[in-house]
Amino acid sequence: MPTLVEAQPETDLLSLQGIVKAYGTGPRRFVAVQDVSLRIRAGEFVCLLGPSGCGKSTLLRIITGLTPASAGSVLYRGKPLDGINPHATIVFQTFALYPWLTVQENVEVALKARGVALAERRVRAVKLIDTVGLDGFETAYPRELSGGMRQKVGFARAMAVEPELLCLDEPFSALDVLSAEALRGELLELWLNKAIPTQAILMVTHNIEEAVELADRIVIMDKDPGRVVAEIPWTRSMRWWPARPRRRRRRSGPLRGSPVARPSCRWRV
Ligand SMILES: Nc1ncnc2c1ncn2[C@@H]1O[C@H](COP(=O)(O)OP(=O)(O)OP(=O)(O)O)[C@@H](O)[C@H]1O
Ligand SMILES: [Mg+2]
């Protein structure tokens, strides 16, 4: 049965209506995503959770304009999306850095593509590298960095263009457990402290705990065909209550080295 989600251009950043995506033609035609409708509002951190192959990455590619939908509409701030979405960027699971460019050049590349002048992109790149806690590594190459550090470059590059909508495609799944936990906490801290100008985050994950930790709302997908089967409206403030006042162990900024001290929390729901 079609899912109807009424678009509300005043509050919606993004509205997907009846999205279908089919790959191939004729007998090789394969419907990857069937009738997906979804709204993302400013201020939301939404997680897309579902099994492998249910079309999560496909949806992110449609939202960012990297691939067109076969049917349905993609509205960004109430207007149909045509081509690349200039208001959204994506952080990939596999970092997708250019190995022949330094950390700074990898961050600058996104700004260069948008025509930002050399002097300004230098300043913005250095500031972002500092924000993610990689100052001192500007001239390092990706091969000289750990997985967690590479993904920080991925975040810095995505944030360089100050996207309104930040799309994250399993950004922690290629990291070891401790690095993933640290980076998750640091991303949440940046987001909650409004240290980044991003208005909404849409994150794809397989990891239920990760979705519960980060999301305001969880959209659950299933496959054959890929579709939305449920939405769980979470409110982060309802989820946890600190057993003791929150103390932060920070050196000089978020996304900096060691994990942010998490409050001692009890599960509430
Ligand atoms: N370019 C393509 N050509 C043909 N089929 C594709 C293409 N991209 C994706 N698919 C198919 O579409 C389906 C959804 O793929 P997608 O990568 O969106 O899934 P996913 O939910 O992101 O999976 P995972 O969690 O493993 O990353 C899969 O069956 C995949 O094989
Ligand atoms: Mg995927």
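What follows is a short exchange on a predicted model.

Reader: What makes helix 4 and helix 5 roughly parallel?
Author: The axes of helix 4 (residues 147-160) and helix 5 (residues 177-192) cross at roughly 30°. Angles under 35 degrees count as roughly parallel. Therefore helix 4 is called roughly parallel to helix 5.

Reader: How are two packed helices described?
Author: By the angle between their axes and the distance between the axes. Here the axes of helix 4 and helix 5 come within 9 Å. The crossing of the two is right-handed.

Reader: Which residues of helix 4 and helix 5 meet?
Author: Gly147, Gly148 and Gln151 in helix 4 meet Ser179, Ala182 and Leu183 in helix 5. By class, this contact of helix 4 with helix 5 has two nonpolar, four polar and no charged residues. Gly counts as polar in that tally.

Reader: What order do the strands of the open sheet take?
Author: The order is 2-1-4-5, with antiparallel pairing. Strand 2 and strand 5 (79-80) each have a single partner strand, so they stand at the edges.

Reader: How do you know that strand 1 and strand 4 pair?
Author: At least two bridges are needed for a pair. Strand 1 (residues 12-23) and strand 4 (residues 71-76) have five bridges, in the antiparallel sense. Val20 stands opposite Ala71 in strand 4.

Reader: Which residues come nearest to ligand 1?
Author: Tyr23, Ala32, Ser52, Ser57 and Thr58, of 13 residues around ligand 1. Helix 1 gives the largest share of the shell, three residues. Strand 2 (30-41) and helix 1 (56-63) each supply at least two. The shell divides into four nonpolar, eight polar and one charged.

Terms used:
Residues are numbered from 1 along each chain as its sequence is written. Chains are lettered from A and ligands numbered from 1 in the order in which they are written. This is a predicted model: local features need pLDDT of at least 70, side-chain atom pairs count only at pLDDT 80 or more; totals for chains, interfaces and linings use all residues. A residue is near a molecule or strand if its C-beta atom, placed from the backbone, lies within 6 Å of it. Helices (H or I, at least four residues) and strands (E, at least two) are DSSP runs, numbered from the N terminus. Axes are lines fitted to C-alpha atoms, for helices over the stretch in contact, and angles run from 0 to 180 degrees between N-to-C directions. Angles under 35 degrees count as roughly parallel, over 145 as roughly antiparallel, 65 to 115 as roughly perpendicular and the rest as oblique. A crossing is left-handed if the near helix is turned anticlockwise from the far one by less than a right angle, and right-handed if clockwise. Two residues are in contact if their C-beta atoms, placed from the backbone, lie within 7 Å.
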